[in-house]
Amino acid sequence: MTAEKQKNHQNAPAFSQDTEDPPVRSQPKKNVLPHILTFIIMFSVWILFSGKFDRFHISLGIISCALVSVFGSELLFPDLKIKELPIVWFRFIRYVPWLLYQVLVANIHVMYLAFHPKMIDLIDPQIIVFRSRLKSDLSLVTLANSITLTPGTITVYVSIFGDVTVHAIDVESGQSLPWIMDARIAEIFGE
């Protein structure tokens with residue numbers, strides 16, 4: 001044994017049969033559930049929209065959905081609480097028909113404006129700024145997308161502090177809908 005090895009050997013911690021087991025560092029547990037859920041959702045959407053069911057295309061779908069689930073699951077499930085997940089999905093599914101009804105009503109209103117003989121007088125574009133009660137990124141994104149899906153209103157900006165800027169085609173479009181949506185989405189995410 002060389003002198004250097006002897007020196008390293010003397011500095012190394014000694015564990016004998018009589019002493020306790022060496023300390024084991026605990027690794028933080030990685031939660032794989034967000035990755036699995038993301039993969040299932042992405043692959044279901046891929047199957048739904050691709051229309052190709054041969055081996056080549058399905059393998060491409062599996063690879064791309066796996067990559068998305070590895071690198072993007074934190075975007076879809078930033079703070080996954082397993083116990084709350086079913087109730088959040090239930091509330092979201094209950095929200096979708098209400099949103100579709102609002103989209104239908106807003107479509108009829110925009111059509112009324114477009115075909116009205118005094119269209120120029122009725123259209124009064126406005127910028128509305130309000131502070132949302134929503135706190136999480138996912139709920140703010142849901143609000144922004146819901147507003148934009150509704151014809152006559154477009155979300156221009158959302159800050160991380162909940163400041164929302166909306167463009168509305170007229171006064172009626174921007175009077176109540178963003179605030180009602182804000183309350184509905186707060187109910188979904190329990191905020």
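Let me start with a cut-off: a residue is buried when its relative accessible area is under 20%, exposed when over 50%, and partly exposed in between. Keep that in mind for Phe130. Its relative accessibility is 7%, so Phe130 counts as buried. One caution before I go on: this is a predicted model.

Now the overall layout. The protein has 8 helices and 3 strands. From the N terminus, the order is α-α-α-α-α-β-α-β-β-α-α. There are 191 residues, and buried ones make up 26% of them. Take the contacts between residues at least 6 apart in sequence. Of these, 66% join residues at least 24 apart.

On to the sheet. In what order do the 3 strands lie? The order is E1-E3-E2, in an open sheet with antiparallel pairing. Strand E1, residues 126-131, and strand E2, residues 153-158, stand at the edges. Each has a single partner strand, so one side of each is left without a neighbour in the sheet. Neighbouring strands are turned by 25° against each other on average, ignoring direction.

Take the two pairings in turn. E1 pairs with strand E3, residues 163-168, over 6 bridges, in the antiparallel sense. In that pairing, Ile128 stands opposite Val166 in E3. E2 and E3 also run antiparallel, joined by 5 bridges. There, Thr153 has Ala168 of E3 as its bridge partner. E2 and E3 form a hairpin, with 4 residues between them. Look at Gly162 in that turn: its phi is positive, about 95°.

Back to Phe130. This residue lies in strand E1. What does Phe130 touch, leaving out residues up to four places away in sequence? The list is Leu143, Ile147, Gly162, Asp163, Val164, Val166, Pro178 and Trp179. Phe130 and Pro178 are 48 residues apart in sequence, and their C-alpha atoms are 8.9 Å apart in space.

Next, the helices around the sheet. Helix H6, residues 137-149, lies across E1, E2 and E3. H6 runs at about 150° to E2. Helix H4, residues 85-115, packs against H6 at an angle of about 30°, with the axes 10 Å apart. That makes H4 roughly parallel to H6. Which residues make the contact? From H4, they are Phe92, Tyr95, Leu99 and Val103. From H6, they are Thr142, Ser146 and Leu149. By type, the contact of H4 with H6 has 5 nonpolar residues, 2 polar and no charged.

Charges do pair elsewhere. In general, side chains of opposite charge can pair when their charged atoms come close. The count here is 3 salt bridges. I will take them one by one.

Arg94 sits in helix H4 and Glu187 in helix H8, residues 177-189. The two are 93 residues apart, so this pair links distant parts of the chain.

Next, Asp163 and Arg131, with an N to O distance of 2.7 Å. Asp163 lies in strand E3 and Arg131 in strand E1, so the pair ties together parts that are 32 residues apart in sequence. Asp163 is partly exposed, at 25% relative accessibility. Arg131 is exposed, with a relative accessible area of 56%.

Then Asp182 and Arg133, with the closest N and O atoms 3.8 Å apart. Asp182 lies in helix H8 and Arg133 in the loop between E1 and H6, so parts 49 residues apart in sequence are tied together. What about burial? Asp182 counts as buried, at 6% relative accessibility. Arg133 is partly exposed, with a relative accessible area of 47%.

To recap: an open sheet ordered E1-E3-E2, H6 lying across its strands, H4 roughly parallel to H6, and 3 salt bridges. Thanks, and over to you.

Note on methods:
Residues numbered from 1 in each chain as written. Predicted model: local features only at pLDDT ≥ 70, side-chain atom pairs only at ≥ 80, totals over all residues. Heavy atoms only, no water. Pairing = 2+ DSSP bridges. Axes fitted to C-alpha atoms, helices over the stretch in contact; angles between N-to-C directions. Contact = heavy atoms within 4.5 Å. Parallel < 35°, antiparallel > 145°, perpendicular 65-115°, else oblique. Nonpolar A, V, L, I, M, F, W, Y, C, P; charged D, E, K, R; others polar. Salt bridge = Lys/Arg side-chain N within 4 Å of Asp/Glu carboxyl O. Buried < 20%, exposed > 50% of the residue type's maximum accessible area, 1.4 Å probe, protein only.
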